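Dear colleague,

Please find below the structure that I am handing over to you, together with its sequence.

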Amino acid sequence: MKHKKPEILGSEIVAQSRLFIIEQVNLKFSNQVERQYERMKGNNRGAVMVVPVLNGDTLLLGREYAAGTHTYELGFVKGLIDPGEEAHEAANRELQEEIGFGAKKLTHLMELSLAPGYFASKMQVFIAEDLYESVLEGDEPEPIEMVPWPLDNWQSLLEQEDFSESRSVSALFLAQKYLKL
């Protein structure tokens, strides 16, 4: 059964911060039921996550502070796509800013949605290969700890308490499939 999208009767911004805009949306479904939803509007640029593979045998991850959980999290390189920037350009820039490597080969693996019931943003996941040392100044308040991880031991990442972000876990499985591990 194919559903018809609900009709948007109206919308208004109910809260806004430097990073987030929360919008209330009034909807009318095809069965005439009306509901109010709240959603965080995305920045319309999207974001990237990159799984760097060094020398074909080592994953490069970063450990950085996560304000939402007030913990340090182990995960893959990630960041917003800047205005006027293509996703692959953002992926390569974020690699250089966060872990000090650029990539000669970037392969797009998948576009992920982040809680689509509430959040409009999308994330492009890449695998980065043929890495070279290159450092760009980033916007992080402290250096990100780079953590090399043996590719043949990728499954043990899932046992790490600080490797819990769903986007990084998803990216790991996408990389595993791409690399045929």
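**Findings**

Phe-173 has a relative accessible area of 38% and therefore counts as partly exposed; buried means under 20%, exposed over 50% and partly exposed in between, with a 1.4 Å probe and protein chains only. Please note that the model is predicted, that local features need pLDDT of at least 70 and side-chain atom pairs pLDDT 80 or more, and that totals for chains, interfaces and linings use all residues. Residues are numbered from 1 along each chain as its sequence is written, and side-chain values use heavy atoms, with hydrogens and water left out.

**An aromatic pair**

A pair of aromatic rings is described by the distance of the centres and the angle of the planes. Rings of Phe, Tyr and Trp (its six-membered ring) pair if their centres lie within 6.5 Å; planes under 30 degrees apart count as stacked, over 60 as edge-to-face and the rest as tilted. By this rule there are four aromatic pairs. One of these joins Trp-154 and Phe-173, whose ring centres are 5.9 Å apart and whose planes stand at 85°, so the pair is edge-to-face. The two residues lie 19 residues apart and link distant parts of the chain: Trp-154 sits in the loop between β10 (145-150) and α2, and Phe-173 in helix α2. Helices (H or I, at least four residues) and strands (E, at least two) are DSSP runs, numbered from the N terminus. Trp-154 has a relative accessibility of 9% and so counts as buried.

**Strand β4**

Is strand β4 (residues 47-54) enclosed or open? Eight of its eight residues are buried, so β4 is largely enclosed by the rest of the structure. Ala-47, Met-49, Val-51 and Val-53 point one way from β4, while Val-48, Val-50, Pro-52 and Leu-54 point the other way, and all are buried.

Two strands pair if DSSP finds at least two bridges between them. The partners of β4 include the following:

- β7 pairs with β4 in the antiparallel sense over four bridges, and Gly-79 in β7 stands opposite Val-48.
- Strand β9 (residues 122-133) pairs with β4 in the parallel sense over six bridges, with Ile-127 in β9 opposite Val-51.
- β5 pairs with β4 in the antiparallel sense over two bridges, and Thr-58 in β5 is the bridge partner of Leu-54.

β4 and β5 form a hairpin with three residues between them, and Asn-55 in the turn has a positive phi of about 55°.

**Cavities**

On a 1 Å grid over the protein atoms alone, a cavity is a set of points where a 1.4 Å probe fits but cannot get out, whereas a pocket is an open set with protein on both sides within 12 Å along at least five of seven lines; lining residues have an atom within 4 Å of a point. Grid points are joined across faces, edges and corners, and a volume is the space filled by probe spheres set on the points.

The structure holds two cavities of 30 Å³ or more. The largest has a volume of about 40 Å³, and β5 (58-66) and β7 (77-80) are the elements that give two or more residues to its lining. β5 supplies the largest share, three residues. Among the lining residues of this cavity are Leu-61, Phe-76, Lys-78 and Ile-144.

The second largest cavity has a volume of about 30 Å³. The lining divides into seven nonpolar, one polar and no charged residues; Ala, Val, Leu, Ile, Met, Phe, Trp, Tyr, Cys and Pro count as nonpolar, Asp, Glu, Lys and Arg as charged, and the others, Gly among them, as polar.

**Pockets**

About 1700 Å³ of space lies in the largest pocket. Of its 44 lining residues, Leu-19, Phe-20, Lys-78, Leu-80 and Arg-167 lie nearest its centre. β5 gives the largest share of this lining, five residues. By class, the lining of the largest pocket has 17 nonpolar, 10 polar and 17 charged residues.

The second largest pocket holds about 330 Å³ of space, and Leu-27, Tyr-37, Arg-39, Pro-116 and Gly-117 are the closest to its centre of the 14 residues that line it. The largest share of this lining, three residues, comes from β3. The lining of the second largest pocket has 10 nonpolar, one polar and three charged residues.

With kind regards
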